[in-house]
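Hi everyone, thanks for making time this morning. I'd like to walk you through one chain, so please have a look at the sequence and the model as I bring them up.

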Amino acid sequence: MFREMRRIKQQISQQECADILRRATSGVLGLHGDDGYPYTVPVSFVYEEGGTGLGTIGFHCAKVGHKIDAIRRNEKVSFTVIDRDEVMPRERTTKFCSVIAFGRARIIEDEDELRRAANAVGAKYSKGFEDLYMQETEDTIRAGRLCCVEITIEHMTGKIGLELLKERRRGEAAE
(Lines give C-alpha, C1' and ligand atoms only; values in the text may rest on other atoms or scores of the structure.)
Protein backbone atom coordinates (compact mmCIF):
# COMPACT_ATOMS: atom_id res chain seq x y z
CA MET A 1 0.00 0.00 0.00
CA PHE A 2 2.80 2.45 0.84
CA ARG A 3 5.73 3.04 -1.47
CA GLU A 4 9.22 1.98 -0.61
CA MET A 5 11.68 4.81 -0.19
CA ARG A 6 13.51 5.34 -3.48
CA ARG A 7 16.83 6.25 -1.86
CA ILE A 8 16.86 3.29 0.47
CA LYS A 9 20.49 3.83 1.54
CA GLN A 10 19.43 7.13 3.10
CA GLN A 11 16.58 5.61 5.08
CA ILE A 12 16.89 5.84 8.85
CA SER A 13 15.61 3.24 11.31
CA GLN A 14 12.14 3.21 12.85
CA GLN A 15 13.79 3.87 16.22
CA GLU A 16 15.51 7.01 14.90
CA CYS A 17 12.19 8.13 13.39
CA ALA A 18 10.56 7.70 16.80
CA ASP A 19 13.40 9.62 18.49
CA ILE A 20 12.94 12.50 16.05
CA LEU A 21 9.18 12.58 16.60
CA ARG A 22 9.71 12.56 20.37
CA ARG A 23 12.05 15.56 20.40
CA ALA A 24 10.52 17.67 17.62
CA THR A 25 8.31 20.56 18.68
CA SER A 26 6.41 21.14 15.45
CA GLY A 27 5.43 19.30 12.32
CA VAL A 28 3.32 19.83 9.22
CA LEU A 29 -0.02 18.05 8.99
CA GLY A 30 -1.13 17.18 5.45
CA LEU A 31 -4.85 16.84 4.78
CA HIS A 32 -7.28 16.52 1.89
CA GLY A 33 -8.53 20.10 1.83
CA ASP A 34 -11.36 21.94 0.15
CA ASP A 35 -12.08 21.41 -3.56
CA GLY A 36 -9.44 18.68 -3.82
CA TYR A 37 -6.55 20.95 -2.86
CA PRO A 38 -4.01 19.60 -0.39
CA TYR A 39 -4.08 21.49 2.90
CA THR A 40 -0.99 21.55 5.08
CA VAL A 41 -0.77 23.24 8.43
CA PRO A 42 1.97 23.41 11.07
CA VAL A 43 1.03 22.03 14.48
CA SER A 44 2.65 21.51 17.86
CA PHE A 45 2.28 17.86 18.76
CA VAL A 46 3.20 15.00 21.02
CA TYR A 47 4.34 11.57 19.87
CA GLU A 48 3.57 8.51 21.94
CA GLU A 49 4.89 5.03 21.31
CA GLY A 50 2.84 1.99 22.10
CA GLY A 51 -0.19 0.09 21.06
CA THR A 52 0.03 -2.40 18.24
CA GLY A 53 1.51 -0.08 15.66
CA LEU A 54 4.08 2.64 15.21
CA GLY A 55 2.59 4.95 17.82
CA THR A 56 0.40 8.00 17.73
CA ILE A 57 0.70 11.72 17.10
CA GLY A 58 -1.61 13.96 19.08
CA PHE A 59 -2.46 17.64 19.14
CA HIS A 60 -5.20 19.96 20.25
CA CYS A 61 -6.91 22.52 18.07
CA ALA A 62 -10.07 24.54 17.55
CA LYS A 63 -13.34 22.62 17.33
CA VAL A 64 -14.21 24.30 14.03
CA GLY A 65 -12.22 25.22 10.95
CA HIS A 66 -10.48 23.93 7.87
CA LYS A 67 -8.39 21.32 9.71
CA ILE A 68 -11.31 19.69 11.52
CA ASP A 69 -13.53 19.83 8.43
CA ALA A 70 -10.81 18.07 6.41
CA ILE A 71 -10.35 15.35 9.05
CA ARG A 72 -14.10 14.73 9.19
CA ARG A 73 -14.17 14.45 5.40
CA ASN A 74 -11.12 12.15 5.10
CA GLU A 75 -9.32 10.56 8.04
CA LYS A 76 -6.20 9.73 6.01
CA VAL A 77 -3.39 12.19 6.75
CA SER A 78 0.34 12.64 6.51
CA PHE A 79 2.62 14.33 9.01
CA THR A 80 6.13 15.62 8.34
CA VAL A 81 8.88 16.69 10.72
CA ILE A 82 12.22 18.19 9.73
CA ASP A 83 14.72 17.38 12.44
CA ARG A 84 17.71 19.12 10.96
CA ASP A 85 18.14 21.39 7.95
CA GLU A 86 21.54 22.99 7.63
CA VAL A 87 22.15 24.77 4.34
CA MET A 88 25.55 24.16 2.74
CA PRO A 89 25.74 26.95 0.13
CA ARG A 90 29.11 26.03 -1.37
CA GLU A 91 28.06 22.40 -1.87
CA ARG A 92 24.57 23.46 -3.02
CA THR A 93 22.89 21.02 -0.68
CA THR A 94 21.70 20.65 2.89
CA LYS A 95 22.44 18.42 5.84
CA PHE A 96 18.97 17.23 6.72
CA CYS A 97 17.06 14.55 8.50
CA SER A 98 13.28 14.22 8.28
CA VAL A 99 10.39 11.90 9.04
CA ILE A 100 7.09 11.44 7.27
CA ALA A 101 4.27 9.47 8.84
CA PHE A 102 1.02 8.34 7.28
CA GLY A 103 -1.98 7.45 9.33
CA ARG A 104 -5.60 7.91 10.23
CA ALA A 105 -6.77 10.84 12.31
CA ARG A 106 -9.66 10.72 14.70
CA ILE A 107 -11.26 13.47 16.71
CA ILE A 108 -11.28 12.41 20.35
CA GLU A 109 -14.75 12.55 21.91
CA ASP A 110 -14.38 10.66 25.21
CA GLU A 111 -13.72 12.97 28.18
CA ASP A 112 -11.07 10.72 29.77
CA GLU A 113 -9.25 10.40 26.43
CA LEU A 114 -9.46 14.18 25.95
CA ARG A 115 -7.94 14.70 29.38
CA ARG A 116 -5.11 12.23 28.68
CA ALA A 117 -4.37 13.73 25.24
CA ALA A 118 -4.43 17.36 26.37
CA ASN A 119 -2.29 16.62 29.40
CA ALA A 120 0.25 14.76 27.24
CA VAL A 121 0.64 17.91 25.12
CA GLY A 122 0.86 19.99 28.29
CA ALA A 123 3.54 17.71 29.74
CA LYS A 124 5.68 18.19 26.63
CA TYR A 125 5.35 21.95 26.25
CA SER A 126 4.71 23.16 29.81
CA LYS A 127 7.04 21.08 31.96
CA GLY A 128 7.15 22.53 35.46
CA PHE A 129 3.68 24.07 35.10
CA GLU A 130 1.62 20.92 35.60
CA ASP A 131 -0.93 22.63 37.84
CA LEU A 132 -1.59 25.28 35.16
CA TYR A 133 -2.04 23.02 32.14
CA MET A 134 -4.03 20.44 34.08
CA GLN A 135 -6.38 23.15 35.33
CA GLU A 136 -6.72 24.54 31.80
CA THR A 137 -7.55 21.03 30.56
CA GLU A 138 -10.31 20.70 33.16
CA ASP A 139 -11.66 24.17 32.42
CA THR A 140 -11.82 23.61 28.66
CA ILE A 141 -13.41 20.16 29.07
CA ARG A 142 -16.04 21.62 31.42
CA ALA A 143 -16.72 24.47 28.97
CA GLY A 144 -16.95 22.04 26.04
CA ARG A 145 -14.18 23.85 24.16
CA LEU A 146 -11.46 21.18 24.11
CA CYS A 147 -10.73 19.42 20.84
CA CYS A 148 -7.92 16.89 20.48
CA VAL A 149 -6.95 14.79 17.49
CA GLU A 150 -5.01 11.54 17.51
CA ILE A 151 -3.27 10.12 14.46
CA THR A 152 -2.61 6.39 14.51
CA ILE A 153 0.54 5.93 12.46
CA GLU A 154 0.26 3.19 9.81
CA HIS A 155 3.52 3.82 7.95
CA MET A 156 6.56 5.89 8.76
CA THR A 157 9.87 6.53 7.05
CA GLY A 158 12.77 8.81 7.74
CA LYS A 159 15.51 10.07 5.49
CA ILE A 160 18.96 11.47 6.12
CA GLY A 161 20.69 13.69 3.58
CA LEU A 162 23.88 12.41 1.94
CA GLU A 163 26.12 15.05 3.52
CA LEU A 164 24.83 14.29 7.01
CA LEU A 165 25.09 10.56 6.33
CA LYS A 166 28.75 10.99 5.29
CA GLU A 167 29.41 13.04 8.42
CA ARG A 168 27.79 10.38 10.58
CA ARG A 169 29.86 7.61 8.96
CA ARG A 170 33.09 9.58 9.47
CA GLY A 171 32.19 9.96 13.15
CA GLU A 172 31.51 6.25 13.51
CA ALA A 173 34.80 5.37 11.77
CA ALA A 174 36.72 7.66 14.14
CA GLU A 175 35.33 5.83 17.18
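Reading along the sequence, you get the pattern β-α-β-β-β-β-α-β-β-α-α-β-α. That makes five helices and eight strands in the chain. Please keep in mind that this is a predicted model, and every value I quote is computed from it.

Now for the overall dimensions. Taken along the principal axes, the C-alpha atoms fill a box of roughly 55 × 45 × 35 Å. The chain has 175 residues, and 39% of them count as buried. Its accessible surface comes to about 10,700 Å², with 50% of that belonging to carbon and sulfur atoms. As for charge, there are 28 positive and 29 negative side chains, and the centres of those two sets lie 8 Å apart.

How much of the contact set comes from residues 24 or more positions apart? If you take the contacts with a separation of 6 or more, such residues account for 70% of them.

Let's turn to the aromatic residues. The count here is two aromatic pairs. Start with Phe-2 and Phe-102: their ring centres are 5.4 Å apart and their planes stand at 40 degrees, so this pair is tilted. Phe-2 sits in the segment before strand S1 (11-12), while Phe-102 belongs to strand S7 (residues 93-107), so you have a link between distant parts of the chain, 100 residues apart.

Which charged side chain sits over the ring of Phe-45? It is Lys-124, whose charged end is 4.4 Å from the ring centre.

Next, some backbone geometry in the loops. Asp-35 has a positive phi, near 55 degrees, and it is a residue other than glycine. You'll find Asp-35 in the loop between strand S2 (27-32) and S3, where it counts as exposed at 77% relative accessibility. Arg-92 is not a glycine either, and its phi is positive at about 55 degrees. Arg-92 lies in the loop between S6 and S7, and with a relative accessible area of 73% it is exposed.

I'll finish with a group of residues linked by their contacts. Ile-12 is in strand S1, and at 7% relative accessibility it counts as buried. Setting aside neighbours within four places in sequence, Ile-12 contacts Cys-17, Ile-20, Cys-97, Ser-98, Gly-158, Lys-159, Ile-160 and Arg-168.

Glu-16 is placed in helix H1 (residues 14-23). Is Glu-16 buried or exposed? Its relative accessible area is 18%, and the cut-off for buried is under 20%, so Glu-16 counts as buried.

Lys-159 is partly exposed, with a relative accessible area of 26%. Beyond its neighbours within four places, Lys-159 is in contact with Met-5, Arg-7, Gln-10, Ile-12, Phe-96, Cys-97 and Ser-98. Lys-159 and Ile-82 are 77 residues apart in sequence, and their C-alpha atoms are 9.7 Å apart in space.

Methods:
Residues numbered from 1 in each chain as written. Predicted model: local features only at pLDDT ≥ 70, side-chain atom pairs only at ≥ 80, totals over all residues. Heavy atoms only, no water. Helix = DSSP H or I, 4+ residues; strand = E, 2+ residues; numbered from the N terminus. Buried < 20%, exposed > 50% of the residue type's maximum accessible area, 1.4 Å probe, protein only. Contact = heavy atoms within 4.5 Å. Areas by Shrake-Rupley, 256 points an atom, 1.4 Å probe, with all protein chains shown as cover. Lys, Arg positive; Asp, Glu negative; His and termini not counted. Charge placed at Lys NZ, Arg CZ, Asp CG, Glu CD. Phe/Tyr/Trp six-rings, centres within 6.5 Å; stacked < 30°, edge-to-face > 60°. Lys NZ or Arg CZ within 6 Å of the ring centre and 35° of its normal.
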